[in-house]
Amino acid sequence: MVSNPTELSGPSSEVAAKRRAFDAVDALAEDMVTVLSEIIAIPSVNPKYPGQSYDQVVGLEGKVSNVLSEIYQDSGADVERWEVEAKRTNAVGTVSGSGGGRSLIYNGHVDVVPPGNVARWESGDPFSGRIDGDRVWGRGASDMKAGLVAQAFAVKALQRAGISLRGDLIIQAVVGEEVMDHECGISSTLERGYRADAAVVAEPSGPTQLGVIPVTPGLLWFSVTVAGKATHSSMRGQTIRAGGGGSKVGVNAIDKGFLVFQALQRLEEEWAFTKTHPLFAPGHFSIHPGVVTGGPHGVLVPFILSEYMTIEYCVWYPPQDDPETVKQEIEAQIESIARTDGWLRDNPPTVEWKLSWPANDPGESAAEITQAISQAHIAAAGGTRFAGAPTVAGFCAVEDTSFLTMAGVPAISYGPGDLRVSHADDEYCLIDEVHTAARTFAALAIDWCGLEEQAE
């Protein structure tokens, strides 16, 4: 896979360096896919993910970090490994520049989500790492081991091509991202002093293939619980029909919970018009009812009016919005519907806020790195199906860019993979995306960090 020479521009020394780097990536292509397959086969499920047995799962993230750290070390990087929690290893490699150039962080997370119902995986074992023609299968292929491997082999290709940089190039493999356990992962790298003039996280760009992602939405998780009043289910008519005893006899919490559900559904429909952003598709921001539980306490049978109903919600809001304002808007909607119902007026729903993942919105501070990686992609993708300027779009979900930007390191993302298959059955990543991404990361390092004087 050779880049179209017309896509390369700039000083002759930089053009020559990029050509050498691209040739080195091409030469390493088979090894890159092999390593990707090997680390997918390590079931590095986040041990804090709901439903996991921590003691049975912990330690596998670190095995992936260790594999990647060996590649960093082989690429000439000084490597540091550490654990905030035992057996959960972070790895960071630093290729020190000669001075006078800008510094750059390449980052990715090694943890993955559980495979779900294994019987639904038509591709086979979720952790097979099976290489099948144009793709590699397995949990974590897109999210985001393909990106980690593309970054690692970009740095290795620079070393193999004899390219030395002026600015520091820092490459990171961190734990904890899948449950916002940033204290154990990305935030610990910042506390240890790993900072740079910009950062690129290799999250999957899809559904836009190899897009440049300068912003992410914010994420909130909350539950709303409605109480009921138990009685024999044969008394339902007494509780809902005119002339019956009403709430003096009993109240079905599920009936009342659906009033709240419908109210939040109406608010979600309003958001299609009131919450927008130029880099997101219309209607992207949502209030997702993901989990519903309810029934009589202690015995889940339909012979008693339900005493409680709880709905767990995942909220996606625009990067420019203040999360506290979003919370107030949701709570006001719940309070509004409660005022229309006699039982809910006297027994108001209980709202519990459980998680707040901040949006990433670096603004103008990320303008240069956004432009630089767009140009690097153009240089790297010439002659491929990804040729031309990449799409610049918002990320559908959340990622560690937020914590880098909040710490003063303008961060964006770009990487191989498709968010539509992430966390889904039969996850995979296309090999040509990994290859092109590695070439892009190599080109970006040359452009952003600059070439060492004697290499020109």
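Buried area is the accessible area, taken with a 1.4 Å probe, that two parts lose on being put together, summed over both. The structure described here is a predicted model, in which local features need pLDDT of at least 70 and side-chain atom pairs count only at pLDDT 80 or more, while totals for chains, interfaces and linings use all residues. Residues are numbered from 1 along each chain as its sequence is written, and side-chain values use heavy atoms, with hydrogens and water left out.

The chain is assigned domain 1 (13-216 + 360-449) and domain 2 (218-357), with bounds that come from an automatic or database domain assignment. The centres of the two domains, taken over C-alpha atoms, are separated by 38 Å. Domain 1 brings 19 residues to the contact and domain 2 brings twelve residues, contact meaning heavy atoms within 4.5 Å. Between them the domains bury about 1100 Å², of which 74% is on carbon and sulfur atoms. On the side of domain 1, Met180, Cys396 and Val398 supply 42% of the area buried against domain 2, more than any other three residues.

Salt bridges (a side-chain nitrogen of Lys or Arg within 4 Å of a carboxyl oxygen of Asp or Glu) number 23, and the count between domain 1 and domain 2 is zero.

Pockets were located on a 1 Å grid over the protein atoms alone, a pocket being an open set of points where a 1.4 Å probe fits, with protein on both sides within 12 Å along at least five of seven lines; lining residues have an atom within 4 Å of a point. Grid points are joined across faces, edges and corners, and a volume is the space filled by probe spheres set on the points. The largest pocket has a volume of about 930 Å³. Its lining holds 29 residues, with Tyr49, Leu219, Cys314, Trp316 and His423 nearest the centre. Both domain 1 and domain 2 give residues to this lining, so the largest pocket lies between them. The second largest pocket has a volume of about 150 Å³.
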